[in-house]
There are 2 protein chains.
Amino acid sequence: MSSEAVRAIGGQHVPYFRTPEFSEVMLENEQLVKRFANASDESRVCFMTGSGTASMEATIMNVLTKNDKAIVVNGGSFGERFVELCQLHQIPYHEIKLEYGHPLTEQHLAPLAGQGFNAFIVNMHETSTGVLYDMPMISRFCRANRLLLVVDAISAFLADPFDMTALEADVMITGSQKALACPPGISLIVLSPRAVERVEQNHSVCMYLDLKLALKNGERGQTPFTPAVQTLLQINQRLRDIEKAGGVESELKRMKMLAQDFREKIAGLPFKMFSMSPSNAVTSLQPSRISAYDIFTTLKDEYGIWICPNGGELRDKVFRVGHLGALTTADNNTLVEAMKDMMKRGLIQ
Amino acid sequence: MSSEAVRAIGGQHVPYFRTPEFSEVMLENEQLVKRFANASDESRVCFMTGSGTASMEATIMNVLTKNDKAIVVNGGSFGERFVELCQLHQIPYHEIKLEYGHPLTEQHLAPLAGQGFNAFIVNMHETSTGVLYDMPMISRFCRANRLLLVVDAISAFLADPFDMTALEADVMITGSQKALACPPGISLIVLSPRAVERVEQNHSVCMYLDLKLALKNGERGQTPFTPAVQTLLQINQRLRDIEKAGGVESELKRMKMLAQDFREKIAGLPFKMFSMSPSNAVTSLQPSRISAYDIFTTLKDEYGIWICPNGGELRDKVFRVGHLGALTTADNNTLVEAMKDMMKRGLIQ
């Protein structure tokens, strides 16, 4: 759900972008993203026209090499994607395969200390299952073992606390369509000075995903290729709105309140929380007897309410309720009442 | 310039896209693009979330291999980009380097016949200089020498006649922000059955630009990764509008009329046509004594009119007037009157 101000920009003509005016917007975008991620002053941000996967792949291609040895957390389809990217780009890796919905623990990490790893790759919030990993624990392990820390925070940034400096993270990836609450089409990568240095020394094998080019053009607030101009203007609106409303702290408080409100209101419904450590971004629910996908379809077709279904093996097992964007406790009421109505009708049991 | 109907979609909420409704839109997009390009029934279309360069690179990566031997026409910065992509992906190539603004002729092609080439790569309209290449001549050469024909028609599709079947072209690339008159963020690739077969047999080296994945997901009207959903809905609106208004023939007639109208109206102004064979998409003009970039800036800042400046060595030499999208002869009048006013003020001479 985008705000009215963000949608208004989507309805306007797209301005030509090789201008000082657009450069200013982009430089402000970079500053605000860095501020909200609490990245160091020397960090940089690359804005990619593409999905989150484009930025995940750009990171694997530009920040890592065949001489690295990475740990990858695989707790769902987005962790699996990092595994596939390491395979494709021949980055040596060890996979921590988690049972879906289960958290990462010290027991998973301890045996990997001192094994020659130098990088750690994790989806802070595994969106497919709704599990938020324990980032302070991961950060401690990375510091103790001097690992480069790559964090996909696509659905977590601005929804759950993320402090790049405190975590000593080197890469943070996010996308326009999650807590930034803009249309999809842009993903972005925050790089620590150490990650920037790696990009500069690396040999690019893809022009479109070349972060050296993105960094160079970004110095003057531009992109190497025609970007999704409108989405970048919408991101600017959203970032400025967050800043005006009290910054990242206020936004996180609002997100936490919304998620908690929803979780309290569904107490009487026959759903089990699928994730043992849920993010504020989404609540993953497991119905006891009805197909999760059917609940999605009925809500869409008969109540005009959109929740998020799953694909693959979780299709009938788990549905997800997103809390990101311009939503309110009134929206929670509307959804919960629809669910209670479905219960009366025997469509949820 | 986007139409009101297209902009209205940009101002709406973005629907969730893993639905039968969105798949239907995408399958219709594929059918209409194929119809307007006059591609064969067995051709396919890949919709990429990215700039035109993303689709140019996806084509080089997925359609060609190190065992090919390509001819690349380089008549400006977009031809140069194909050269760089062939270098990066180690596709053996021969470059035809043209003087900027000059056409490709039989004399360039004749010496290359029978030299073992099997592919021809060309930007049908070299947007940076405004030169439209003689596609029927290129097609004859390709047929005579059994070359695979790859056409970047990013700014030419729907502005100048392009008939994939008549030209026996194998790849046609275009972008959302040119004659499709939508916001930037989507580029698309039409593949002939022969090109599809090449993609299927090729080894993908980039997940995000993997056309095998795009083709597979496209069968059910989906994309492998979250696309720029809104832009795809806008493209659908625009394609349907063209269809309703009489199809591609009517659209091409309208474009030709608009370009000619503008060229007649500037007859008294001290500009030289930079391109010897202009496209209907754009008129590239060379002012006699004033910096082309300064003319762009004055029009923008003092008249609120946007023309297109150039970068690089053409920055002060050539500016471009686009005719794409929801423009009318009245818009031509407004611009020509502003230019005449600048002449009176001594800002154009």
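Let me begin with a count: over all chains, the structure holds 30 salt bridges, a salt bridge being a side-chain nitrogen of Lys or Arg within 4 Å of a carboxyl oxygen of Asp or Glu. What we are looking at is a predicted model, in which local features need pLDDT of at least 70 and side-chain atom pairs count only at pLDDT 80 or more, while totals for chains, interfaces and linings use all residues. Residues are numbered from 1 along each chain as its sequence is written, chains are lettered from A and ligands numbered from 1 in the order in which they are written, and side-chain values use heavy atoms, with hydrogens and water left out.

One of these salt bridges joins Asp241(A) to Lys244(A), with the closest N and O atoms 3.8 Å apart. Both residues lie in helix α10 of chain A, three residues apart, which is about one turn of the helix; helices here are DSSP runs of H or I with at least four residues, strands are runs of E with at least two, and both are numbered from the N terminus.

Now to the interface. How many residues of chain A are in contact with chain B? There are 48, and they meet 48 residues of chain B, where contact means heavy atoms within 4.5 Å. The two chains bury about 3,600 Å² between them, 67% of it on carbon and sulfur atoms, and buried area is the accessible area (1.4 Å probe) that two parts lose on being put together, summed over both. On the side of chain A, His13(A), Tyr16(A) and Met207(A) supply 18% of the area buried against chain B, more than any other three residues.

Between chain A and chain B the count is two salt bridges. Lys300(A) forms a salt bridge with Glu21(B), and the closest N and O atoms there are 3.0 Å apart. Among the elements of chain A that each supply at least two residues of the side touching chain B are α1 (4–10), α10 (229–244) and α12 (292–303).

Finally, consider a sheet in chain B, where three strands form an open, antiparallel arrangement in the order β10-β11-β12; two strands pair if DSSP finds at least two bridges between them. Because β10 (271–273) and β12 (319–322) of chain B stand at the edges, each with a single partner strand, one side of each is left without a neighbour in the sheet. Three bridges join β10(B) to β11 (residues 282–287) of chain B, and Lys272(B) stands opposite Gln286(B) in β11(B).
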